[in-house]
Amino acid sequence: MGLLATLVIVGYTLAPTGFYALCAEQPRQCEPVAPRRGVALNEIDTVNRRINAAIRPQPEPPGQDIWKVGGASGDCEDYALAKRDALIAAGLGSANARLAVGVLPSGEYHAVLIVTTKRGDFMLDNLTNELRPLGRQNFTLISVQSARDPRLWQRVRH
């Protein structure tokens, strides 16, 4: 399954298609944000659980990749974007709340949020309420937002 203890970045890559439309429509979602305060792990866990419960799973129509923040329904990247938005509003900087994409064992693409804390990197996934330390994900990571510039994406060695 390609378990990783740390992200090993091997270069830059293109972002998922829907990310470009998101940046054009909501530029602030793609700008660097400096941290305002530390966010405790229990607060991160609360955001993860709250958003997992608030959004109803709804796949996109075939051939579409629509990324949005908020809403009553959505797919994996919509959950990840809502969690990122909530954690940045709580004071976490964009370098510590990065979108990531990978492939599930079924072959389906999947998006999560990777949160960097003093206790390590954790994945916030709409498929589980558990905060999983990086290395215990249930899929193979392919790419992640750059910590230096959220408009850029980096390939992950798997």
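Gln154 lies in strand β9, which spans residues 153-156; strands (E, at least two residues) and helices (H or I, at least four residues) are DSSP runs, numbered from the N terminus. The structure is a predicted model, in which local features need pLDDT of at least 70 and side-chain atom pairs count only at pLDDT 80 or more, whereas totals for chains, interfaces and linings use all residues. Residues are numbered from 1 along each chain as its sequence is written, and side-chain values use heavy atoms, with hydrogens and water left out.

Gln154 is buried because its relative accessible area is 12%, where buried means under 20% relative accessible area, exposed over 50%, and partly exposed in between (1.4 Å probe, protein chains only). Contact means heavy atoms within 4.5 Å. With neighbours within four places in sequence left aside, the contacts of Gln154 include Ile9, Gly11, Tyr12 and Thr13. Arg98 is also in contact with Gln154, as are Ile142, Ser143, Val144, Gln145, Ser146 and Ala147.

Asn48 counts as buried because its relative accessibility is 0%. The value for Asn52 is 12%, so Asn52 counts as buried. Beyond the neighbours within four places in sequence, Asn48 is in contact with Lys83, Leu124, Asp125, Thr128, Asn129, Glu130 and Leu131. For Asn52, with neighbours set aside within four places in sequence, the contacts are Tyr79, Lys83, Asp125, Asn126, Thr128 and Asn129.

A polar atom of the Asn48 side chain lies 3.1 Å from the backbone oxygen of Asn129. In Asn52, a polar atom of the side chain lies 3.0 Å from the backbone oxygen of Thr128. Asn48 and Asn126 are 78 residues apart along the chain, and their C-alpha atoms are separated by 8.0 Å.

Thr117 lies in strand β5. Thr117 counts as buried because its relative accessibility is 19%. Apart from neighbours within four places in sequence, Thr117 is in contact with Leu41, Ile44 and Phe122. The side chain of Thr117 has a polar atom 3.0 Å from the backbone nitrogen of Arg119, and this side chain reaches the backbone oxygen of Gly120 at 2.8 Å. Thr117 and Arg136 are 19 residues apart in sequence, with 16 Å in space from C-alpha to C-alpha.

Pockets were identified on a 1 Å grid over the protein atoms alone: a pocket is an open set of points with protein on both sides within 12 Å along at least five of seven lines, where a 1.4 Å probe fits, and lining residues have an atom within 4 Å of a point. Grid points are joined across faces, edges and corners, and a volume is the space filled by probe spheres set on the points. The largest pocket holds about 610 Å³ of space. Its lining has 25 residues, of which Asp75, Cys76, Glu77, Tyr109 and His110 are the closest to its centre. At least two lining residues of the largest pocket come from each of α3 (76-89), β5 (109-117) and β8 (140-145), and β5 gives the most, with three residues.

By class, the lining of the largest pocket comprises 14 nonpolar, six polar and five charged residues. Here Ala, Val, Leu, Ile, Met, Phe, Trp, Tyr, Cys and Pro count as nonpolar, Asp, Glu, Lys and Arg as charged, and the others, Gly among them, as polar. The second largest pocket contains about 210 Å³ of space. Of its 14 lining residues, Gly38, Val39, Thr116, Thr117 and Lys118 are the closest to the centre. This lining divides into five nonpolar, six polar and three charged residues.

A search of the whole structure finds one disulfide, defined as a pair of cysteine sulfur atoms within 2.5 Å. The disulfide joins Cys23 to Cys30, with 2.0 Å from S to S. The link of Cys23 and Cys30 is left-handed, with -90 degrees about the S-S bond, and both cysteines are buried. Cys76 is in no disulfide, and the nearest cysteine sulfur, that of Cys30, is 17 Å away. Cys76 counts as buried because its relative accessibility is 13%.

Technical notes:
Polar contact = N/O pair within 3.5 Å; in protein donor to acceptor, adjacent residues only side chain to side chain.
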